[in-house]
Amino acid sequence: GKISAISNGAGAYALPNPPANLAFDFVGISSVAVRWQPGDNREPVVYQVSLASGASSPFLASPALNFTFTGLTPNTILPFSGLARNPELPASSQLAFLASTVTLAEPPTGEGFPEVFRSSATARWSRGANPPETEFLVELSTSIERVPVFTTSGWIRAAEFTFTSLPPQAY
């Protein structure tokens, strides 16, 4: 029988390399700006960098090698993964772990001192959008400049702390 030239055709291609050298241009309370290098790839290649949490960038055409993730939870570990693909072929790299970082904690909002006595005072604050395992450090000073620190709460998860045995000039 006859075999046509088309039926004997086969294609060969190399898989692209995933993004390389992920770096953080900005890490904030609810956003992270990342950039990466293209790896050793030939054009055309597009890249996707994603978070394990499910938030991901769209495939970005080269040379756009950066993306800003927004709407993130404060004080959260963010593992980044990435892959590359050739949009003209059914070829993509393996998903690769690139790096991780932690978003900054949201600063607490002071709710004041609900209990103030001659030798003790309770400070209270709002946790904001921070997860429950966020810890706070409260300092008390005898100076309005807060130097030197008279005493601290130590790292605590509570949203209030009572200082005791206060000197008369404590701020």
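# Briefing: an all-strand predicted model

The protein has 13 strands and 0 helices. The model is a predicted one. Along the sequence, the pattern reads β-β-β-β-β-β-β-β-β-β-β-β-β. Of the 171 residues in the protein, 33% are buried.

**Sheet S1-S2-S5**

- Strands S1, S2 and S5 make an open sheet of 3 strands in the order S1-S2-S5, and the pairing is antiparallel.
- Its edge strands are S1 (20–27) and S5 (66–69), each of which pairs on one side only.
- On average, neighbouring strands of this sheet are turned by 20° against each other, direction ignored.
- Strand S2 (residues 32–37) is joined to S5 by 4 bridges, and the two run antiparallel.
- Ala33 has Thr68 in S5 standing opposite.

- S9 pairs with strand S10 (residues 121–126) over 5 bridges in the antiparallel sense.
- Opposite Gly112 stands Arg124 in S10.

**Salt bridges**

- Over the whole structure, a search finds 3 salt bridges.
- Asp25 and Arg35 form one of them, with their closest N and O atoms 2.4 Å apart.
- This pair links distant parts of the chain, since Asp25 is in strand S1 and Arg35 in strand S2, 10 residues apart.
- Asp25 has a relative accessible area of 46% and is therefore partly exposed; Arg35, with 41%, is also partly exposed.
- Arg124 and Glu160 meet through their side chains in a salt bridge of 2.7 Å, N to O.
- Because Arg124 lies in strand S10 and Glu160 in strand S13, the pair ties together parts that are 36 residues apart in sequence.
- The relative accessible area of Arg124 is 31%, which makes this residue partly exposed, and Glu160 counts as partly exposed at 34% relative accessibility.
- Glu135 and Arg157 also meet in a salt bridge between side chains, at 3.7 Å, N to O.
- The pair joins distant parts of the chain, 22 residues apart: Glu135 is in the loop between S10 and strand S11 (136–141), and Arg157 is in the loop between strand S12 (149–156) and S13.
- Glu135 is partly exposed, its relative accessible area being 38%.

**Aromatic and nonpolar groups**

- The search of the whole structure for aromatic pairs finds 5.
- One aromatic cluster is formed by Phe24, Phe67, Phe69 and Phe80.
- Tyr13, Leu15 and Leu89 make a nonpolar surface patch of about 290 Å².
- From C-alpha to C-alpha, Tyr13 and Asn86 are 10.0 Å apart in space, while in sequence they are 73 residues apart.

**Backbone details**

- Most peptide bonds are trans, and most residues other than glycine have a negative phi.
- Glu43 and Pro44 are joined by a cis peptide bond, with omega at about 0°.
- Pro44 is placed in the loop between S2 and strand S3 (46–51).
- Asn21, although not a glycine, has a positive phi of about 55°.
- Asn21 is found in strand S1 and, at 57% relative accessibility, counts as exposed.
- Asn75 is not a glycine either, and has a positive phi of about 55°.
- Asn75 lies in the loop between S5 and strand S6 (77–86); with a relative accessible area of 25%, Asn75 is partly exposed.

Key. Residues numbered from 1 in each chain as written. Predicted model: local features only at pLDDT ≥ 70, side-chain atom pairs only at ≥ 80, totals over all residues. Heavy atoms only, no water. Pairing = 2+ DSSP bridges. Axes fitted to C-alpha atoms, helices over the stretch in contact; angles between N-to-C directions. Phe/Tyr/Trp six-rings, centres within 6.5 Å; stacked < 30°, edge-to-face > 60°. Patch = residues over 30% accessible without salt bridge, like charges linked within 9 Å, V, L, I, M, F, W, Y side chains within 5 Å. Areas by Shrake-Rupley, 256 points an atom, 1.4 Å probe, with all protein chains shown as cover. Salt bridge = Lys/Arg side-chain N within 4 Å of Asp/Glu carboxyl O. Buried < 20%, exposed > 50% of the residue type's maximum accessible area, 1.4 Å probe, protein only.
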